[in-house]
Amino acid sequence: NRRMEDGNAMEHVTPKGSKLLPSNAYTKLAPGEEYRPIVPAGDRRAEVTVWSVGLGLLMVLIFSAACIYMALRAGNAIEASIPIAILAIFFGKMRQVRSTILENVIVQSVGQAAGVVAAGAAFLIPALYINGLDVSWWHIFLACLVGGVLGIVLIIPLRKYFVKDLHGELPFPEATAINEILVSGESTSASAGKVLLLAFGVGALYDFTVEVVHLWNPMITSATILGGLGQKMAGLRMDLSLSALAALFGLGFIIGLRYAAIIAAGSVLAWLVLIPLIYKFGSEAILPVQFAGNSYDIFAMSSGGIFAAFVKPIGIGAIAISGIIGILRMGKIIAGSISLGFKGLKGGGAQGDTPRTQLDMNPRNVLLIQAGSALLMAIVFFVVSISTKDSATGLTYTLGQSLLYALVGAGVGFLFSFLFTPVGAQAIAIVGVNPVSGMTLITVVLTILALVAVGLKGTGGMFIALIVGCAVCTALSTSGALISDFKIGYWIGATPRNQEIWKFLGIAVASLVVAFVIPLMDSSYHFLVPDSSGQLVSNTQVLPAPQANMIAAVSQGLLSEP
């Protein structure tokens with residue numbers, strides 16, 4: 001997900017703007033100057049309709065499945081907002097009564113829930129499978145739902161500050177791109193939608209013939225296409241493979257040449273440099289090599305086995321360090337946004353004279369939903385604890401222990417969601433990058449330390465820590481997406497309260513889809529597969545999930561019983 005994981009600021013170029021947008025849409029306002037959106041507060045044109053909500057939910061169904069599939073299959077999430085905005089305009093122009101621009105805003109706002117929930121789940125949920133824990137669909141659903149809801153209600157009090165008070169001071173790169181699409185859609189043809197649908201059809205047909213009908217093998221390897229040279233390379237443990245899927249080709253196109261080249265360079269470094277070097281020197285050892293408490297006969301190991309045992313931990317460490325570096329680089333943003341989070345608690349009050357374009361949910365309801373989300377989180381952790389056996393004694397945890405662990409887990413989860421959601425929002429508004437992996441890693445580690453401090457280790461601790469991490473990660477991605485939604489609505493003249501209310505429904509549907517797709521992916525491809533010795537290892541060839549592998553390794557190291 002380029003918006004969340006590159007760790008590099010996206011270049012921001014102030015757009016020229018369209019004829020519909022006011023001249024001060026992207027500039028800082030002078031003293032006394034006021035921004036007037038395309039649709040004034042007194043304009044009551046259609047906004048929340050059966051069409052806009054229905055099409056938005058359809059986009060959630062389609063793109064949630066697509067986003068989580070790509071995140072698990074390729075190890076990279078995709079952002080769904082821009083294609084959803086294009087499709088909203090395309091289908092809206094096909095209606096007998098053309099959709100209004102406010103309806104298109106709602107379609108995009110509801111549909112955007114697909115990408116944020118998929119990103120949150122893809123980071124953490126596979127770690128549960130990788131650690132061999134018994135995961136149910138409702139664990140996934142509730143973790144994503146609670147995190148998404150928290151991301152919404154924790155950022156609402158900060159909407160006015162980010163969107164209105166700092167107008168023209170924050171670039172909002174992603175929101176600007178979507179805004180230009182929606183605004184230009186009012187005066188241009190919907191040809192982009194036709195091209196997008198055609199691309200959907202071609203890609204779906206190709207992948208269907210490959211992965212369902214199995215007309216040919218999409219996995220191209222150096223050993224099969226290079227003949228004798230490929231066999232000699234394999235003997236030196238120099239193996240290259242290419243998964244010729246339309247979905248992966250599209251992912252490379254979306255993330256661009258630079259980032260696709262970086263990913264490819266990592267693969268080349270691992271499979272053509274590190275693995276052959278480890279095999280070269282390790283196979284010359286007289287005795288089995290001791291590493292991380294295990295004994296290895298490297299001469300007898302395949303390239304995949306060497307990767308899993310020695311190279312994958314290097315990659316996990318690199319991901320962890322990059323996340324920490326991202327946190328350090330955004331230190332000023334984090335410090336400032338945490339203080340904003342506390343200021344947001346004081347927000348709220350009467351909204352009787354508030355214009356439609358600045359109308360939020362009732363602050364009392366926002367606080368009630370925050371409390372309800374924390375309570376639901378505690379209930380989930382309590383059920384997990386009371387039904388999990390202590391790996392040391394083989395007995396289930398007592399009622400008192402389960403209650404303590406649930407309260408600690410819920411408290412830590414809510415605290416970090418509260419502290420980090422403004423961070424995600426401000427990072428998105430400033431540089432278009434949300435340091436999700438770094439903050440999620442910090443959350444999981446500190447949650448584990450808190451649980452260890454109250455006596456919880458083993459599988460129960462892993463389960464609670466990873467569910468907390470999933471909730472916080474989803475909250476972070478949701479808050480960043482929602483602040484972009486708010487800015488788009490501010491430019492165009494949507495009602496913030498409508499964006500907030502219907503975002504809850506989008507998050508719920510996306511969470512349900514993800515909770516269905518992830519177990520399906522596990523049953524089809526398996527997160528754990530047996531290696532040459534019969535031991536279950538992470539299926540990095542088909543379901544790489546690099547961030548989840550990192551989190552799984554960290555949680556195992558900190559919570560495994562001695």
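Begin by selecting Ser417, which is placed in helix H16, residues 399-431. The model on view is a predicted one. Is Ser417 buried or exposed? Its relative accessibility is 0%, so Ser417 counts as buried. Next, display the residues around it: beyond the neighbours within four places in sequence, Ser417 is in contact with Leu150, Leu154, Pro422, Val472 and Ala475.

Turn now to the surface. Select Leu375, Leu376, Ile379, Val383, Ile386 and Leu399, which form a nonpolar patch there. Together these residues have about 490 Å² of accessible area. Which helix gives the most to the nonpolar patch? Helix H15, residues 363-386, does, with five residues. Within helix H15, pick out Val383. Val383 counts as partly exposed because its relative accessibility is 31%, a value between the limits of 20% for buried and 50% for exposed.

The largest nonpolar core has 138 residues. Select Ile68, Ile140, Phe381, Ile483, Ile492 and Ile518, the members that touch the most other members of this core. Helix H18, residues 458-492, may be coloured next, as the helix that gives the most to this core, with 21 residues.

Leaving aside neighbours within four places in sequence, Ile68 is in contact with Ala118, Ala121, Ala122, Val514, Val517 and Ile518. Finally, select Tyr279, Ile298, Met301 and Ala309: these are among the twelve residues of another core, which lies apart from the largest one.

Terms used: Residues are numbered from 1 along each chain as its sequence is written. This is a predicted model: local features need pLDDT of at least 70, side-chain atom pairs count only at pLDDT 80 or more; totals for chains, interfaces and linings use all residues. Side-chain values use heavy atoms; hydrogens and water are left out. Patches are made of residues with over 30% relative accessible area and no salt bridge: like charges are joined within 9 Å, nonpolar side chains (Val, Leu, Ile, Met, Phe, Trp, Tyr) within 5 Å. Accessible areas come from the Shrake-Rupley method with a 1.4 Å probe; for residues, only the protein chains shown count as cover. A salt bridge is a side-chain nitrogen of Lys or Arg within 4 Å of a carboxyl oxygen of Asp or Glu. Helices (H or I, at least four residues) and strands (E, at least two) are DSSP runs, numbered from the N terminus. Buried means under 20% relative accessible area, exposed over 50%, partly exposed in between (1.4 Å probe, protein chains only). Contact means heavy atoms within 4.5 Å. A nonpolar core is a set of buried Ala, Val, Leu, Ile, Met, Phe, Trp, Tyr and Cys residues joined through side-chain atoms within 4.5 Å.
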